[in-house]
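Have the sequence and the 3D view open as you read.

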Amino acid sequence: MAAGGQLLRVARMDRVRVEAEIDEFDLSRVRLSSPVKVHAEGMAGSWRGHVEEVPANVVGRKLKPQDPARPSDTRILLVKVALDEPTPLKLGQRVELELEP
């Protein structure tokens, strides 16, 4: 390992949170405690969670949409979602969120 390199990463895996990009078109649907469903590619089933943090400002998109028909120049809201149950998700794994009514 090079001098000054990362030695280890500490994380609480019993309290998993997800940072999600919510399109500006869906901002009116997002509120604190809003229920969400979390899906991970390659894993069966889904997990329930809730919106835990909603910032006051929108920012530019970090992730490029996989669907070429979706605009990539939209602004997004970076919300934090707390998962309500233990999951097999790994740090850095990409997931999709579904806002529930």
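Is Glu53 buried, partly exposed or exposed? With a relative accessible area of 36%, Glu53 is partly exposed; here buried means under 20%, exposed over 50%, and partly exposed in between (1.4 Å probe, protein chains only).

A quick note on the ground rules: this is a predicted model, where local features need pLDDT of at least 70, side-chain atom pairs count only at pLDDT 80 or more, and totals for chains, interfaces and linings use all residues. Residues are numbered from 1 along each chain as its sequence is written, and side-chain values use heavy atoms, with hydrogens and water left out.

**Charged pairs**

Side chains of opposite charge can pair when their charged atoms come close. A salt bridge here is a side-chain nitrogen of Lys or Arg within 4 Å of a carboxyl oxygen of Asp or Glu, and the count comes to 7. Three of these are listed below, with N to O distances.

| Salt bridge | N to O distance |
|---|---|
| Glu52 and Arg17 | 2.5 Å |
| Lys80 and Glu19 | 3.3 Å |
| Glu53 and Lys80 | 3.9 Å |

Glu53 lies in strand 3 and Lys80 in strand 5, so their pair ties together parts that are 27 residues apart in sequence. Strands are DSSP runs (E, at least two residues), numbered from the N terminus. Through shared partners, salt bridges join Arg17, Glu19, Glu52, Glu53 and Lys80 into one network.

Lys80 itself sits in strand 5 (residues 75-83). Leaving aside residues up to four places away in sequence, Lys80 touches Arg17, Val18, Glu19, His50, Val51, Glu52 and Glu53, where contact means heavy atoms within 4.5 Å.

**A buried valine**

Val36 belongs to strand 2 (residues 35-39) and is buried, with a relative accessible area of 1%. Beyond four places in sequence, the contacts of Val36 include Trp47, Val51, Val81 and Leu99. The C-alpha atoms of Val36 and Val51 are separated by 7.3 Å, while the two residues are 15 apart along the chain.

Leu8 is found in the segment before strand 1 (17-23) and counts as exposed at 56% relative accessibility.

Terms used
Helix = DSSP H or I, 4+ residues; strand = E, 2+ residues; numbered from the N terminus.
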